[in-house]
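Thanks for passing this one along. I went through it and jotted down what I'd point out if we were looking at it together.

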Amino acid sequence: MASSPTVLMRLVASAYSIAQKAGMIVRHVIAEGDLGIVEKTCATDLQTKADRLVQMSICSSLARKFPKLTIIGEEDLPSEEVDQELIEDGQWEEILKQPCPSQYRAIKEEDLVVWVDPLDGTKEYTEGLLDNVTVLIGIAYEGKAIAGVINQPYYNYQAGPDAVLGRTIWGVLGLGAFGFQLKEVPAGKHIITTTRSHNSKLVTDCITAMNPDDVLRVGGAGNKIIQLIEGKASAYVFASPGCKKWDTCAPEVILHAVGGKLTDIHGNALQYNKEVKHMNSAGVLATLRNYDYYASRVPESVKNALVP
């Protein structure tokens, strides 16, 4: 008789179904026509009705099923009764059939921290750049990102009005990453993906020092990591303190599961324990391959300016 699924695999299977529900909510809000935009700290730091509804959906759905989890979401929302329509209690059966990596089999619910970005790329969402948008659910254990789910609500939206929209990518360290076709940038090409709306002298100086063949300016950390694993970019460089733990937790897992690397600008691993500060204050450097090439070219002036 097969052993019953571990806490981790049950959580990932639930997160997959919850992320798919989140993608439907994101599409529904746009279809209704009222984005309900609120400025949080400035004109580039926005929150929409989709951010609020998706966070309520993800956090409430997870908390009902896994009451001992620590769940940290991006949006600071008042605690209120959540509409039953927002609750997703399904789980993706395909994930439950997968073996849990041995090092995670004994994990208890209370040992896990879940980092939630309900809508990564909010500014792009409000501007209609829908392929930039992702929903991120990252799972950490002992401070390390070990499992993650990324939903792209508008994947395939440029394929015409009859296109089937959305896809969900998931991964567990030691098992792999699934839901996409791994592809690499041609050898010798240096294509950097970076911020679209948070540019600065530090960001520019860092990118210039890497002598890129091309620079892609797009929204969303989830979207940038997808560019790395699908061969559109070779490095994600963000020499700035703007990115948060909920932006990087899930994407980092997907990248690491296929042999890539994500660190801060100094080369330090990011920490995801529940007490950690939310800001990735020393920036982000991520690659699918050739990490050392990019890391060796980060200027000392940039490193000195970004304190971990």
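Here are my notes, from the whole chain down to single residues.

1. First, a reminder that this is a predicted model, and every value below is computed from it. The chain has nine helices and 13 strands.

2. Along the principal axes, the C-alpha atoms fill a box of roughly 50 × 50 × 40 Å.

3. How much of the chain counts as buried? The figure is 54% of the 308 residues. As for contacts between residues at least 6 apart in sequence, 72% of them join residues at least 24 apart.

4. The largest pocket is worth a look: its volume is about 600 Å³. It is lined by 32 residues, and those closest to the pocket centre are T44, D120, H198, G242 and D247. Several elements give two or more residues to this lining, namely β1 (38–42), β2 (45–47), β4 (112–120), α4 (122–127), α6 (221–229) and β11 (235–238).

5. What is the make-up of that lining, in nonpolar, polar and charged residues? The lining of the largest pocket divides into 13 charged, ten polar and nine nonpolar residues.

6. Have a look at N132 too, in the loop between α4 and β5 (134–141). Is N132 buried or exposed? Its relative accessible area is 6%, and since anything under 20% is called buried, N132 counts as buried. The side chain of N132 makes a polar contact of 3.2 Å with the side chain of D131. Leaving aside neighbours within four places in sequence, N132 is in contact with D120, E124, V218, G219, G220 and N223. D120 is also one of the residues closest to the centre of the largest pocket.

7. Two backbone spots deserve a check by eye. E142 has a positive phi of about 50° although it isn't a glycine. E142 sits in the loop between β5 and β6 (144–152). With a relative accessibility of 66%, over the 50% cut-off, E142 counts as exposed.

8. The other spot is N290, again not a glycine, with a positive phi of about 60°. Where is N290 found? It is in the loop between β13 (284–287) and α8 (291–295). N290 is exposed as well, because its relative accessible area is 54%.

Methods
Residues numbered from 1 in each chain as written. Predicted model: local features only at pLDDT ≥ 70, side-chain atom pairs only at ≥ 80, totals over all residues. Heavy atoms only, no water. 1 Å grid on protein atoms, 1.4 Å probe; cavity = no way out; pocket = protein on both sides within 12 Å on 5 of 7 lines; lining within 4 Å. Points joined across faces, edges and corners; volume = space filled by probe spheres on them. Helix = DSSP H or I, 4+ residues; strand = E, 2+ residues; numbered from the N terminus. Nonpolar A, V, L, I, M, F, W, Y, C, P; charged D, E, K, R; others polar. Buried < 20%, exposed > 50% of the residue type's maximum accessible area, 1.4 Å probe, protein only. Polar contact = N/O pair within 3.5 Å; in protein donor to acceptor, adjacent residues only side chain to side chain. Contact = heavy atoms within 4.5 Å.
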